[in-house]
Amino acid sequence: MTSYVRAMYEFSGEPGSSELSIATGEVLSVTRSDVGEGWWEGKNARGQVGLFPAAYVEVLSAAEAQKLNATGAAAVPQVPDPFDTPPPPRYDQTAEDWDDDDDWSDDNDTYSEIGPSGQKVAAGGQSARSGEYDNKILPIAPSDDTQSLASVAGSGAGASGTVKKGMFAKSSDSYILGLSNTSEKIPECEMAYITQVEDSIYQWTQNHSPYSVIVASPKKESKFKGMKTFIAYQLTPSFNNISVSRRYKHFDWLHERLVDKFCLIPVPPLPDKQISGRYEEQFVEHRRVQLQEFVDWVCRHPVISKCEVWYHFLTCRDEKIWKSGKRKAERDPYMGVNYCLAISPPDKHLMHSKVDAQLESGSQFIHSMDVAVRNLNNISNDMAKRSLSQSKKEFQRIGDGLSDLAKALAIDERRAPTRNAIPLSESVGRIGGIFIGIGQAFGDQPKQDWIPLSDRLHIYRGVLNCFPDIFSTHKGAIQKRKDCERNTAEGKMNNSQLQDVNRRTDVVSYTVMAELTHFKSERDTHLKTTLKNFIGEQIKFYQGVVARLQEASRQIE
């Protein structure tokens, strides 16, 4: 039976290529789903066959597909998009090239980085403040968030599409059994220390000076005599004030390294990947803001912020040293399960009952917060969309209506002019202009409140999506400890070996509890600041609306 999909977003195929343009709501029959690189081949109702992004469509149910098979694809109706918004960011963007093509594989480079001619690109020297970007045509994330935390836990997928390796998959039991010790001395920058705050509450020890990193000045650059074009961002750490140039591909490589290295620590997500429109000024500036959110979160984490691969990313300016450091990071002996060797927790043996209670409570909280954050993120996207379209149009419609009334009144003013007062037609015309201005203010406002809120919630969604894997990892450690207890009872292991297993299992427990404490401290400061800024922008906006309405009232006093 032929399978069908419905386009959720509009896609414009490249002229002269094998790409197929699709409209929102259009139904296509799938001819090939094994094209690769996130693309499918399909045929539309006009008989045209071509490639389209798999992320832009949804698969129809068996009942709908059976109905279409019976009636024929040509009879499929076209469903208009009520909001007529640009497509959301793609999740399967191919990686960009690093300057040394021998060191960076091009296997995933499906598309040219050359941007469409005539497009505006952000110039260098833009402000690094997150509120200063134009968002009038910025794509809004889809509001139908169907990915649940349970599905993330089952699939093991990270927030940015990276598959996070389970700590105890395949041969990773070696850490619990004491078989993964390395002879290399652990460098201090890789060591992580945990201290007790109160009963059953543990936290990471901050043993280095806090610092910040500014992401600024996104610039369009090229190589191969202009054949390859890309956007580069300037990163400036506060500890040396020396800027380095990084492209999105470098962030993507860094994120993969951090996810592989810290299997018990949530790594914040990167901005969603996108193919079309990535050279437009609004998109470039918005991506800079989102990258700043990612960098800020990493800088605040007491463990990730001091690891060697992060410092290499922030400071390396020499190409040869970059290559050497890149290869070293990819061969990091303290990656995944082995990073537990670099964690130094308290010597106290943990009580299993207290650990179970802490993590059971933490698991319930993470699930509940994940649902709440996804819901609030959907609301913020809906409100931004409404301000950009519905609210803006409603007030401008009122203004246009008042302007028409003013024109009608002016006809009679010419017959019998008003003496010693402002003509009513003029007053009504000014009121109409004020309402049109209010409509424009609604259209400009989301970049000040709803979209920054959504950017922050994107970070929280990614972090929350990491915790199911972490809890699963901990359960795997507990299960391995129970297996060892059974082996000891059967005489297959001695008590000394079991004590070592218990100690290594405690390291995993200490780490998870320390991370839950850190996440709480982030919420108590970062989330509070986010909501305070959001409410402040809302107050300023509505105060501005009231001031405009008061001005309108004065026109007829």
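A cavity here is a set of points, on a 1 Å grid over the protein atoms alone, where a 1.4 Å probe fits but cannot get out. This is a predicted model, in which local features need pLDDT of at least 70 and side-chain atom pairs count only at pLDDT 80 or more, while totals for chains, interfaces and linings use all residues. Residues are numbered from 1 along each chain as its sequence is written, and side-chain values use heavy atoms, with hydrogens and water left out.

Select K261, F262, C263, L264, I265, G336, Y339, C340, I343 and T511 to show the lining of the second largest cavity; lining residues have an atom within 4 Å of a point. This cavity holds about 50 Å³ of space, the volume being that filled by probe spheres set on the points. Its lining has seven nonpolar, two polar and one charged residues. In this classification Ala, Val, Leu, Ile, Met, Phe, Trp, Tyr, Cys and Pro are nonpolar, Asp, Glu, Lys and Arg are charged, and the others, Gly among them, are polar.

Next, select helix α8 (residues 424–444) and helix α10 (residues 495–554), which pack at an angle of about 170 degrees with their axes 9 Å apart. That makes α8 roughly antiparallel to α10, a label for angles over 145 degrees. Helices are DSSP runs of H or I of at least four residues, and strands are E runs of at least two. To see the contact (heavy atoms within 4.5 Å), show I431, I434, F435, G437, I438, A441 and F442 in α8 with F541, Y542, V545, R548, L549, E551 and A552 in α10. By class, this contact has eleven nonpolar, one polar and two charged residues.

Stay on α10 and select V501. At 1% relative accessibility, V501 counts as buried (buried is under 20% relative accessible area, exposed over 50%, partly exposed in between, with a 1.4 Å probe and protein chains only). Leaving aside neighbours within four places in sequence, V501 touches I176, R481, C484 and M493.

S217, in strand β8 (residues 213–223), is not a glycine but has a positive phi near 50 degrees. S217 is buried at 16% relative accessibility. N241, in the loop between β9 (228–237) and β10 (244–247), also has a positive phi, about 55 degrees, without being a glycine. N241 is exposed, at 59%.

How values were computed:
Axes are lines fitted to C-alpha atoms, for helices over the stretch in contact, and angles run from 0 to 180 degrees between N-to-C directions. Angles under 35 degrees count as roughly parallel, over 145 as roughly antiparallel, 65 to 115 as roughly perpendicular and the rest as oblique. On a 1 Å grid over the protein atoms alone, a cavity is a set of points where a 1.4 Å probe fits but cannot get out, and a pocket is an open set with protein on both sides within 12 Å along at least five of seven lines; lining residues have an atom within 4 Å of a point.
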